[in-house]
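User: I'm new to this structure and would like to learn how to read it. Could you walk me through a few features?

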Amino acid sequence: MRLPILESLGRALAEDVIADIDNPPFNNSAVDGYAVRSEDVRGASADSPVHLRLLGEVPAGETPNISVLPGACLKVFTGAPIPDGADAMVMVEDTRASDRGIAVLAEAQPGDHIRKQGGD
């Protein structure tokens, strides 16, 4: 039976509804920040920052053309794809520029601030 959406309140679906596309269509950043390897920023804090080499940036709407390497990061804007090699994002608020690249002031765990492909 089909009903208008406004008449469906309080009813249950008789069968699963399956999307025919993933949303989001790729792993993407939920924040403006830096794509990192979480193992590289283990123990990072304001008192003991971890310095990473900045390889470039990935604006929203663009696809990364380089991977995150050990000891490095890529600046990634909200909605942009997560580059290969990265498993976490560090929010820009938890970083600062330094003479050695980017100083990361907070630890990141795998999956932090990443919207997974098909997660919606």
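**Reading the cores**

Analyst: Let's start with the largest nonpolar core, which has 12 residues: Tyr34, Val36, Val41, Ala44, Val50, Leu52, Cys73, Ala88, Val90, Ile102, Val104 and Ala108. At least two residues of this core come from each of β2 (33–36), β3 (50–58), β5 (88–91) and β7 (101–104). Another core, of 11 residues, lies apart from it and includes Val31, Val76, Ala80 and Ile114. A nonpolar core is a set of buried Ala, Val, Leu, Ile, Met, Phe, Trp, Tyr and Cys residues joined through side-chain atoms within 4.5 Å. This is a predicted model, where local features need pLDDT of at least 70, side-chain atom pairs count only at pLDDT 80 or more, and totals for chains, interfaces and linings use all residues. Residues are numbered from 1 along each chain as its sequence is written, and side-chain values use heavy atoms, with hydrogens and water left out.

User: Is Val76 buried or exposed?

Analyst: Buried means under 20% relative accessible area, exposed over 50%, and partly exposed in between (1.4 Å probe, protein chains only). Val76 has a relative accessible area of 0%, so Val76 is buried.

User: Which residues is Thr95 in contact with, leaving aside neighbours within four places in sequence?

Analyst: Contact means heavy atoms within 4.5 Å. For Thr95, those residues are Tyr34, Val90, Ile102, Ala103, Val104 and Leu105. Thr95 is buried too, with a relative accessible area of 12%. Also, a polar atom of the Thr95 side chain lies 2.8 Å from the backbone oxygen of Val92.

Conventions. Polar contact = N/O pair within 3.5 Å; in protein donor to acceptor, adjacent residues only side chain to side chain. Helix = DSSP H or I, 4+ residues; strand = E, 2+ residues; numbered from the N terminus.
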